[in-house]
Amino acid sequence: MTPLHTQILTARDRNGQELRTIQNQLQKLPPGKLICSRNGTTVKWYQGDGHSKTYIPKANRALAEQLALKKYLQQQEQILLQKQAAITAYLKYYPCLLYTSPSPRD
């Protein structure tokens, strides 16, 4: 195996572990998504489920922070899934590259 192939396998394993960690964190977060709405100079937070939205009072900032974290983790999950797809495609077409020594230059 070439050093590049070894690095790719290591990256696949690391991405898989990060993906599992993010998915475990996402399971612990509340349902819905955070919707921010500007009302003049103030911003109001809502928890949406796709059909309706519920106002989140400023006293319940922790819920808004959890929903913001959920959105961030979902984006990170999508990035990792794209990386995994790229690595899988690479390994499909180049399953095991044999190392050949470079030809000497004149």
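These points describe the fold of one chain, taken from a predicted model.

1. Basis. In this predicted model, local features need pLDDT of at least 70 and side-chain atom pairs count only at pLDDT 80 or more, while totals for chains, interfaces and linings use all residues. Residues are numbered from 1 along each chain as its sequence is written, and side-chain values use heavy atoms, with hydrogens and water left out.

2. Elements. The chain holds 2 helices and 3 strands, where helices (H or I, at least four residues) and strands (E, at least two) are DSSP runs numbered from the N terminus. Their order from the N terminus is α-β-β-β-α.

3. Sheet. The 3 strands make an open, antiparallel sheet in the order β1-β2-β3. β1 (33-39) and β3 (53-56) are the edge strands, each with a single partner, so one side of each has no neighbour in the sheet. From one strand to the next the twist averages 35 degrees (axes are lines fitted to C-alpha atoms, and angles run from 0 to 180 degrees between N-to-C directions).

4. Pairing. Two strands pair if DSSP finds at least two bridges between them. β1 and β2 are joined by 7 bridges, with Ile-35 opposite Tyr-46 in β2. Strand β2 (residues 42-48) pairs with β3 over 4 bridges; here Trp-45 is opposite Ile-56 in β3.

5. Turn. The hairpin of β1 and β2 has 2 residues between the strands, and Gly-40 in this hairpin has a positive phi near 70 degrees.

6. Burial. Of the 106 residues in the chain, 24% are buried (under 20% relative accessible area, with a 1.4 Å probe and protein chains only).

Note on methods: Buried means under 20% relative accessible area, exposed over 50%, partly exposed in between (1.4 Å probe, protein chains only).
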